[in-house]
Amino acid sequence: VQLQACGGGLVQPGGFLRLSCAASGSIVSINSMGWYRQAPGKQRELVASITSGGNTNYAGSVKGRFTISRDNAGSTVYLQMSSLKPEDTAVYYCNAVILESGVRYYQGYWGQGTQVTVSS
């Protein structure tokens with residue numbers, strides 16, 4: 001199982017970016033998917049998550065500015081980020097709770113991380 005994230009980059013304050021993360025491999029089912037971020041010198045924190053049923057959860061600092069969604073197949077998760085602020089600068093990681101073929105339990109998997117830099 002692999003999670004491939006993309007979409008990061010450099011953007012000015014007030015701008016927008018869209019991150020995507022696709023899961024692939026011998027996947028039986030995907031439960032929740034989400035995005036975390038880690039700024040230099042800080043712990044990794046949850047940004048947003050979405051369940052297989054479409055229920056979403058957001059960190060207070062991004063509520064109203066970021067939107068998480070999944071494609072119809074449920075294997076790709078997106079993070080639409082708008083009104084970006086310098087404090088949003090971090091490496092963003094996608095996460096998914098996946099039942100892999102031949103494995104009895106759901107396990108968490110991480111993508112490789114994508115840098116988002118908000119600066120003028």
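**The open sheet**

Author: Four strands make an open sheet with antiparallel pairing, in the order β1-β3-β8-β7. Strands are DSSP runs of E with at least two residues, as helices are runs of H or I with at least four, and both are numbered from the N terminus. Two strands pair if DSSP finds at least two bridges between them. One caution: this is a predicted model, where local features need pLDDT of at least 70 and side-chain atom pairs pLDDT 80 or more, while totals for chains, interfaces and linings use all residues. Residues are numbered from 1 along each chain as its sequence is written, and side-chain values use heavy atoms, without hydrogens and water.

Reader: Which strands are at the edges?
Author: β1 (2–6) and β7 (66–70). Each pairs on one side only.

Reader: How many bridges join β1 to β3?
Author: Five, and the two strands run antiparallel. A5 has C21 in β3 as its bridge partner.

Reader: C21 is a cysteine. What does C21 form with C94?
Author: A disulfide, with the sulfur atoms 2.0 Å apart. The cut-off is a pair of cysteine sulfur atoms within 2.5 Å. C21 lies in strand β3 (residues 17–24) and C94 in strand β9 (residues 90–100), so the pair ties together parts 73 residues apart in sequence.

Reader: Right-handed or left-handed?
Author: Right-handed, because the torsion about the S-S bond is about 45°.

Reader: Are C21 and C94 buried or exposed?
Author: Both are buried. Buried means under 20% relative accessible area, exposed over 50%, and partly exposed in between (1.4 Å probe, protein chains only).

Reader: How many disulfides does a search of the whole structure find?
Author: One.

Reader: New topic. How many helices and strands does the protein chain have?
Author: Zero helices and eleven strands. The radius of gyration is 14 Å, close to the 14 Å from the globule rule for 120 residues, so the chain is as compact as a globular protein of that length. That radius is taken over C-alpha atoms, and the rule is 2.2 Å times the number of residues to the power 0.38.

Reader: What share of the 120 residues is buried?
Author: 40% of them count as buried.
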